[in-house]
Amino acid sequence: MDGDSINSPDRNGISKIRDLIRRQRQESDGGCDESSELDFLYDDADNYTNEISELYSYTEVPEFRKNLAAYDAVMERWGIPLQWQRLSPEVRKSVILRLLNHFELSSKTLRAEAARAILYVAQGCWSEVQSEQEQQQWTRYNVTLLLKNGIFQAVVDLLCLEIESGPMAVRKPAVSLADSAELRVIFSILYTIVETIRTKSDDDTEEFEEQRKAFKAEIAQPVRDELLAVKLLNMVIKFCGGSAPHFPIKKVLLLLWKVVLFSLGGTCELRELKTKYRELAGLAPMKEDTLEVSRNMRAASPPASATDLLDAQNERRNIRPLRRSLMKQTSLDESAALDLEMGDQMEEEMKEIEERRAMEESGELPQPPSPRPMTPVPAKNKGLPWTPKVRQKDLDAFLENSRMKFVGFPIQGDRDTLAGLPAPIHEGVKVLKQHIYVSLSEWQMTREEELWRCPLSMKESDTDSPAHGVEALYAAMLPNLPQYIIALLKILLAAAPTSKSKSESINIMADVLPEEMPMTVVQSMKLGIDVARHKEIIVKSISAIILLLLKHTKINHVYQFEFISQHLVFANCIPLVLKFFNQNITAYITAKNTIALADFPSCVLGEPPELTPESLELGEPQVYCWRNLFACINLLRILNKLTKWKHSRIMMLVVFKSAPILKRSLRVKQPLLQLYILKLLKMQTKYLGRQWRKANMKTMSAIYQKVRHRLTDDWAYGNDLDARPWDFQAEECALRAAVDRFNSRRYGEPSKILPDFEPVDHCITSVLGRPVHLTNTFREYYEVWLEQEVFKNPVNWDEVLSCPGYF
Amino acid sequence: MTMSEVKVIVRRNRPGTKGAEFCKWPEEPFEEMDSTLAVQQDPSNITAILTPPETQDEEVWKYEHLRQFCMELNGLAVKLQSECFPETCNQMTATEQWIFLCAAHKSPKECPAIDYTRHTLDARRLFTQQVSIRESSLGKLGSVCRRVYRIFSHAYFHHKTLFDDFEASSHLCRRFTSFVMKYNLMSRDNLIVPNMEDGAITTTTTTTTDAAPVATETTTKVTPPTGNTTESEA
């Protein structure tokens, strides 16, 4: 492009500035190569190895030896050879059962020793294995064995005991790793079991599959009248309340996430459930799956920034007529392209773009007059990744508007009469009708209204409340739901990289910080990495937990979802997430807070590694950090879930000035992440004003290209700022009322909802036996009352019988 | 009538029976029983009791037996009440070495022995909530066994005469021991009441164990059996 710009001295100067800015930006981004797209695949969780190694902090590494020691001590005492691999299956089982017996001993040391020995077994008896793979195989084998012998339940019992009788009484100024030793062992066992069983592998036997199913059912069952997930949530509340600062919160959250993920199901199950429920509700099947489609998307080119502004100025000066014609072109193409097959086109288009890119890079392609990179050439068949959708509401509004315009009066509730309307409107209605999509939420809302209106004649059937784990979890969470949400967000705030550690009300570092602070430089470097990693893992698990809850409740019943999301909004989730993104997000995503040598199991296989500044850096180089990217996407998805179709909350996005924050985050070249950012931008463009849109045409076209179109939605040009005053209170209150009605109908006491329809008690003994409370005044003046009301008023009781109205 | 002169013993507590009369009838000798119940009335015939009918689902069979054990253990519990007081046995002990926690609470805690007995036997939720046996509840049988067994061991080590008395008439501990051994619900080493079954106690040395390693004695590493079909439920 420089070859072209040499010709004019004026442009040469501009391009130099541009280069400078670009270079600066690259440096500030941590040297991330902007042109490369991140090869990231969004999933429910990272791979097994990473998920397991994230369970342990680096300060915990010395404790692995303790587990081995406990195991050795127990085995020696019982006179059993130490090598687990050499034992016969019967002996292994017997060892496990004996250890299990120790779990119920009153002596704390013996219990702790047994727990450590069990953890060592669950960790795959690593002192006997040679490779990581072997360790995983043994973990898998041992975990099935443990599960079969009821270890999971026993450890949950142990957890109950430890929660009650922790070292809470001792209020120390600084809580450290040592305070949570027992709890951490328990959590490590539970997490290893859950994660190992949950992870699917290619060589799963049928028996393993069965066991997974059984375990999935078991984990969704209440133990001692409490779901495991709820027990963990209660722990989170306790931790946030400050009454249990020693809880290893990272492990609690990780386990909570995995328990929810495993018992309710991840992306796959969500899709299946949605399809199933849509079918039950008699709705058309889903059109596309967001994750599927975005997998085939390309990341947008580096978005608007200072360079773009310069471009925009250039364009305005030079090629304004051309641009206008371009825009016309694409908008015309839209309708033609809609009916065509999407898949082939996408591929073709991608190839084309890729070819163009390659040519551009090698300088073969003749450059267009503007030096702007990637000027969109009027494409022949521009396909969009999504089929557009229309809501029934939109169609009604469209019909009403046209009728008002052409006929002069509206026809309420009529969607077919087109009399008096011109042909283009007919066509418009036809297209709209083609793309009508009724969401499950809308169906559930109308259904709920019907149920409310006819409480006696209509009963909830199976389609209304499908028996699924979510239902039980929601019902169990309902009484304390606001507290759970607040607690989770509090921890998220404390773990966000931008928050200052001094002003924190809660200390989330208790389960990383060792008793003695590091002495050497390397050690403190290591601790620094450890702390950052700890925070990242907490953010990752909380974002995943909230997202899972939102997604599952949304499918199960929209009002459950609304209840949770409203509490999230009230607890300031929206500004919190924005605050989170108001950091150098590219640096966050490329952060490398991992020490490969200290990860489990590498840290226990072979010789203990010597830690030097160099060895901290060892390990596979990575372009991005999986957990951070995952967390970012989750947070954006949460934000999308909260704000979609909620006018008042979109206004919050505007008020909190989210546009520049979000736009900056667009620099991360990951299609899914960008898609969610673009969605967030799209819903607020209307309110950002003409100036913003003008300056951000690139972002605007990215939105056009990547986000689903709503056919009558005038998101890009509409200016209905005045038409809809921002009434946060009213909207949220209306929603709140609907949600409360739903909650009390479904989960409240039946007598409170419909007092008039309760059966009347006409057994004489029970009615007369009911305690009657008389006021003191009445007691005092009882005789007066008797005199005036009873004795002075003769009642002819026979008349009562003859009165026809009574019977 | 001549019939009325023969005193028929009705072994039944009619409604309104006085406390003094409750269950006050002579034991019927085994030889005189002529109903089909006779089979069930011989507690010493353990093998017969523990052999399931042919078409019986094994899991339900185990479950029902355990339920029966808990019911019959009430006999021992009643006897224990006269001798085992919270003041004397303030912990659930079996030998002086082991003190156990009572698992029947929201979080396990130390209960006096008699309370442990009562709580464990009363923990109805172990049984009532499952009419059909779910796969997931199977693992719990083992833990119920463990807890119930401690009642036997406490009685044996701390109330020996009472235990012997009860055992002589019911053979319950013997039966329980064979039951858990038959279905492999407890580790042999945890069965600490001696002389109950073909020498359950003799195995405390566990010398038999290292006789069957999975792999041969060569130095090649042993890979875990991924199928784990045959081994685990040996």
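A residue counts as buried if 20 or more other C-beta atoms lie within 10 Å of its own. Keep that cut-off in mind for this predicted model.

Start in chain A with helix H7, residues 132-148. Of its 17 residues, 13 are buried, so H7(A) is largely enclosed by the rest of the structure. Its length also fits expectation. After the helix comes A:Gly150, with a positive phi near 75°.

Next, look at a helix pair. Two packed helices are described by the angle between their axes and the distance between the axes. In chain A, H5 (residues 89-103) and H6 (residues 108-122) pack at about 145°, with axes 8 Å apart. The crossing is left-handed. H5(A) contributes A:Leu99, A:His102 and A:Phe103 to the contact, while H6(A) brings A:Leu110, A:Arg111, A:Ala114, A:Ala117 and A:Ile118. By class, six of these residues are nonpolar, one is polar and one is charged.

Now move to chain B. An unreviewed UniProt entry places a "binding site" at B:Cys84, B:Cys89, B:His154 and B:His159. These residues span 76 residues in sequence, yet no two of their C-alpha atoms are more than 10.3 Å apart, so they gather at one spot.

Take the two histidines in turn. B:His154 lies in helix H6 of chain B, residues 138-158. It is buried, because 27 other C-beta atoms lie within 10 Å. B:His159 sits in the loop between H6 and H7 of chain B. With 21 C-beta neighbours inside 10 Å, B:His159 is also buried. Beyond its neighbours within four places in sequence, B:His159 contacts B:Leu80, B:Glu83 and B:Cys84.

Notes: Residues numbered from 1 in each chain as written. Chains lettered and ligands numbered in written order. Predicted model: local features only at pLDDT ≥ 70, side-chain atom pairs only at ≥ 80, totals over all residues. Helix = DSSP H or I, 4+ residues; strand = E, 2+ residues; numbered from the N terminus. Expected span 1.5 Å × (residues − 1). Buried ≥ 20, exposed ≤ 12 C-beta atoms within 10 Å, placed from the backbone. Axes fitted to C-alpha atoms, helices over the stretch in contact; angles between N-to-C directions. Left-handed = near helix turned anticlockwise from the far one by under 90°. Contact = placed C-beta atoms within 7 Å. Nonpolar A, V, L, I, M, F, W, Y, C, P; charged D, E, K, R; others polar. UniProt positions renumbered as here; feature names shortened; annotations may be inferred.
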